[in-house]
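Morning, everyone. Today I'd like to talk about charged side chains and how they pair up. Let me put the structure on the screen.

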Amino acid sequence: MPRVYVNRRAGYEYELLDRYEAGLSLTGSEVKSIRAGGVDFRDAFARLNGRNIDLEGLYIPPYKEATYNNHEPRRPRRLLLHRMEIEKIRRALDQKGLTLVPTRLYQQGRYFKVELALARGKKLHDKRRADAEKTVRRELREY
């Protein structure tokens, strides 16, 4: 059964606006390592790099059984998107305060996909309000 890795901090730290699905360019040892588990989104973000978008800071642990050409755990990985989607993201990122954050990593068939979200950072009072709403929902469920 394929695993789905979720960036739970993204929903807490950011207000998520538009979502995009992108393919992920990986090496063989990275694929085996993802299947084995241990992906970490802690410092992950996507950056516009010329005509491409790169995913940086995503930690994929080294594969234990790989040979001397094992992958670098936090190397930049190219995201596979259509040119029109990249242009749409580029126009959105030109607005002040928006960033591109990975929210999920999952397997679809043979391929690994990343869900990206255009996001705006939350202020402290927004986070407090979200926490208060969450506790109210939890209390209502208990009754």
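Which side chain meets E30 in a salt bridge, at 2.9 Å, N to O? It's R77. One caution before I go on: this is a predicted model.

Now look at where those two sit. E30 is in helix α2 and R77 is in strand β5, so this pair ties together parts that are 47 residues apart in sequence. Check the burial too. E30 has a relative accessibility of 0%, so it counts as buried, the cut-off being under 20%. R77 is buried as well, with a relative accessible area of 0%.

E30 has another partner. It forms a salt bridge with R75, and here the closest N and O atoms are 2.9 Å apart. Helix α2 covers residues 28–36, and R75 lies in the loop between β4 (52–56) and β5 (77–80), so this pair ties together parts 45 residues apart in sequence. How accessible is R75? R75 is partly exposed, with a relative accessible area of 23%.

Next, the wider count. How many salt bridges does a search of the whole structure find? Nine.

Here is one of them, between R42 and D40. Their side chains meet at 3.8 Å, N to O. Is R42 buried or exposed? R42 counts as exposed, at 67% relative accessibility.

Last item: a network. Salt bridges link R9, E13 and K127.

To recap, E30 pairs with R75 and with R77. R42 pairs with D40. That's my part done; over to you for discussion.

Technical notes: Residues are numbered from 1 along each chain as its sequence is written. This is a predicted model: local features need pLDDT of at least 70, side-chain atom pairs count only at pLDDT 80 or more; totals for chains, interfaces and linings use all residues. Side-chain values use heavy atoms; hydrogens and water are left out. A salt bridge is a side-chain nitrogen of Lys or Arg within 4 Å of a carboxyl oxygen of Asp or Glu. Helices (H or I, at least four residues) and strands (E, at least two) are DSSP runs, numbered from the N terminus. Buried means under 20% relative accessible area, exposed over 50%, partly exposed in between (1.4 Å probe, protein chains only).
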